[in-house]
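Please read this short report alongside the sequence and the three-dimensional view. It takes up a ligand site and then a sheet.

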Amino acid sequence: MLFVLETVISGALAGIMYSLVALGFVLIFKASGVFNFSQGVMALFAALTLVGLLSGTIPFTNTDNPALALPVWAAIPLTIFVMFIVAVLIEKFILRHLVNQEHIILFMAMVGLTYVFEGVGDMMWGSDVKVLDLGLPQGAWDWLFDTHDLYVEKIEMVAAATAAVLVTVLAVFFQKTRIGRALRAVADDHQAALSVGISLRNIWIIVWSAAGIVALAAGVMWGAKSGVQFSLSLIALKALPVLILGGFTSIPGAIVGGLIIGIGEKLVEVFSGELIAAAFAGLIEIDPGVFSATENWFAYVLALFFLMFRPQGLFGEKIIERV
Amino acid sequence: MNAAPNKKANGKAETLLSVEAVSLSFGGVKAIRDVSFDIKKGEIRAIIGPNGAGKTSMLNVINGFYHPQEGTITYKGKTRNQMRPHVAASQGIARTFQNVALFKGMTTLDNIMSGRALRMKCNIFWQMLYYGPAKKEELEHREFVEKIIDFLEIQHIRRIPVGKLPYGLQKRVELGRALAMEPDLLLLDEPMAGMNLEEKEDMCRFVVDVSEQYGTTIALIEHDMGVVMDLADRVVVLDYGRKIADGTPKQVQNNQDVIDAYLGVSHD
Ligand SMILES: Nc1ncnc2c1ncn2[C@@H]1O[C@H](COP(=O)(O)OP(=O)(O)OP(=O)(O)O)[C@@H](O)[C@H]1O
Ligand SMILES: [Mg+2]
């Protein structure tokens with residue numbers, strides 16, 4: 001039983017990370033109807049920038065100057081500022097020119113953007129695997145282990161707490177403030193939003209900045225665990241099924257969807273082999289080990305299943321075609 | 001909102017907006033052909049005409065959704081080849097839409113609050129925290145919005161997502177959102193369409209009150225000739241994108257071209 005609980009917790013913690021990435025997608029999709037294919041690479045780029053600043057890397061030269069290395073408290077705000085500049089550039093050079101274009105054109109632009117991010121990140125900060133050391137606590141949480149015999153890594157708890165705070169701040173921001181209201185207005189009806197003087201450009205810059213910050217958080221958490229390297233950008237692939245589950249426009253959907261997928265894939269990976277082997281016992285001999293690699297595709301199977309029965313996602317509004 | 005005296009158009013009143021020789025086409029479709037007219041400060045100016053005459057297109061030109069290929073628009077003394085929606089809104093042009101364009105997922109309150117977008121200036125950092133100045137600002141504007149809600153008699157639907165409201169009330173909320181902008185020029189695209197008699201009468205009363213109490217200049221598209229006769233100071237008539245008449249309701253009503261247009265007499 002304890003082992004099940006441990007599995008659920010570690011699944012939930014991974015799930016929060018997926019939620020974070022999915023949240024970036026949702027924000028941008030809500031405000032501009034653009035599917036930001038580059039969200040994963042954005043996380044990589046943000047993490048690379050942070051590592052670069054922390055270790056005093058001089059951009060485009062691939063050399064470090066330790067004298068320029070910034071402390072954590074300065075490097076994080078500066079990275080956020082860089083993500084803001086990125087948002088401004090994306091609005092100015094891409095979105096502004098593609099308003100009212102077909103979805104597929106916007107999508108292609110995002111695919112292009114992904115490679116630009118990747119290339120620029122490489123050129124600026126180098127392509128070697130980097131260690132991200134923010135002084136986050138490592139190892140297991142002793143107290144839980146001693147008292148409840150549960151093994152939970154500290155860094156995962158920190159990640160979960162950060163994600164929870166971020167999600168709360170964003171939720172309040174988009175629910176309660178003028179800019180939040182403007183964002184929802186734009187998501188609801190472009191023309192009406194324009195008619196009351198809401199500036200689409202500002203809203204886009206704001207959501208892309210927010211997505212950049214969320215990407216930074218995801219990149220940092222992932223990078224602190226497994227190093228900052230190209231594979232980090234692949235977390236975007238995990239966010240896709242989360243979006244299908246939660247609905248492309250729902251913030252709570254992104255959160256719940258992430259948790260379901262995180263927990264689900266861990267449980268399936270750990271227990272499905274034995275269960276299936278037990279079910280077929282006596283009929284055919286099944287090696288439980290065969291099912292140990294489900295983590296990579298379980299999420300997609302679940303998503304496909306969902307697409308068949310609830311294409312708008314758990315929280316998404318019902319899709320009604322206007323005629 | 002300060003009450004201003006209602007200045008009916010009398011030839012001496014100042015011109016708030018004039019469009020000069022405007023033409024607009026979409027590919028082969030000529031929506032507006034060489035139309036000129038003006039709107040004077042404080043008046044209710046009706047725009048009428050059969051379906052497809054170009055009335056909505058004209059409003060879209062005025063608030064910058066459409067950019068005409070030819071002609072100019074002079075608003076508050078400044079002449080432009082085209083308006084931009086953001087400029088129009090910040091210069092005091094508000095509008096409603098023929099097919100209600102509300103933020104369906106938001107409440108009545110939030111919809112009308114969104115009309116205050118341009119007047120709220122609190123910076124994003126305070127807003128992030130929803131603290132201090134941001135909260136204070138929100139409350140001040142809330143007070144203003146409550147006045148509009150009282151004025152339109154929609155207190156009971158404050159907290160209801162507008163998508164769930166009946167059509168007539170949605171139109172009223174949309175008017176509320178436009179009024180929240182404290183506009184100098186209010187563009188109303190068929191505000192009474194699809195309403196029953198009682199709702200129509202209410203809406204007429206609101207339009208008259210806005211005009212009389214706040215001196216707001218109004219451009220009104222309306223099919224119901226009774227309403228137009230009652231409300232409008234002057235009427236411009238469009239047909240197939242052309243202006244075919246312009247004058248007081250009486251003059252327009254007796255104009256042979258107008259009668260022909262409405263009876264569907266063939267165009268040469
Ligand atoms: N965005 C657009 N693209 C193509 N054609 C358009 C567009 N907007 C308007 N039109 C065309 O312009 C002409 C005038 O349309 P408009 O909507 O202005 O008419 P209207 O007078 O408002 O009619 P109604 O009384 O039916 O609302 C029509 O032929 C219409 O099809
Ligand atoms: Mg129309």
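This is a predicted model: local features need pLDDT of at least 70, side-chain atom pairs count only at pLDDT 80 or more; totals for chains, interfaces and linings use all residues.

The shell around ligand 1 has 14 residues, of which Gly52(B), Lys55(B), Thr56(B), Ser57(B) and Gln98(B) come nearest. Sorted by class, this shell is made up of 5 nonpolar, 7 polar and 2 charged residues.

## Polar contacts and cover

Oxygen atoms of ligand 1 take part in several polar contacts with chain B: one lies 2.9 Å from a polar backbone atom of Gly52(B), and an oxygen atom is likewise 2.9 Å from a polar backbone atom of Gly54(B). With Gln98(B) the contact involves the side chain, where an N or O atom is 2.8 Å from an oxygen atom of the ligand.

Of the 630 Å² of accessible area that ligand 1 has on its own, the protein covers 65%. Strand E2 (29-40) and helix H1 (55-62) of chain B are the elements that give two or more residues to the shell, and H1(B) gives the most, with 3 residues.

## The sheet of chain B

In chain B, 4 strands form an open sheet with antiparallel pairing, in the order E2-E1-E4-E5. E2 and strand E5 (78-80) of chain B each have a single partner strand and stand at the edges, so one side of each is left without a neighbour in the sheet. On average, and with direction ignored, neighbouring strands of this sheet are turned by 15° against each other.

Within the sheet, strand E1 (residues 15-26) and strand E4 (residues 70-75) of chain B pair in the antiparallel sense over 5 bridges, and Ser23(B) stands opposite Glu70(B) in E4(B).

Notes: Residues are numbered from 1 along each chain as its sequence is written. Chains are lettered from A and ligands numbered from 1 in the order in which they are written. Side-chain values use heavy atoms; hydrogens and water are left out. A residue is near a molecule or strand if one of its heavy atoms lies within 4 Å of it. A polar contact is a pair of N or O atoms within 3.5 Å; within protein, one must be able to donate a hydrogen and the other to accept it, and residues adjacent in sequence count only if both atoms are side-chain atoms. Accessible areas come from the Shrake-Rupley method with a 1.4 Å probe; for residues, only the protein chains shown count as cover. Ala, Val, Leu, Ile, Met, Phe, Trp, Tyr, Cys and Pro count as nonpolar, Asp, Glu, Lys and Arg as charged, and the others, Gly among them, as polar. Two strands pair if DSSP finds at least two bridges between them. Axes are lines fitted to C-alpha atoms, for helices over the stretch in contact, and angles run from 0 to 180 degrees between N-to-C directions.
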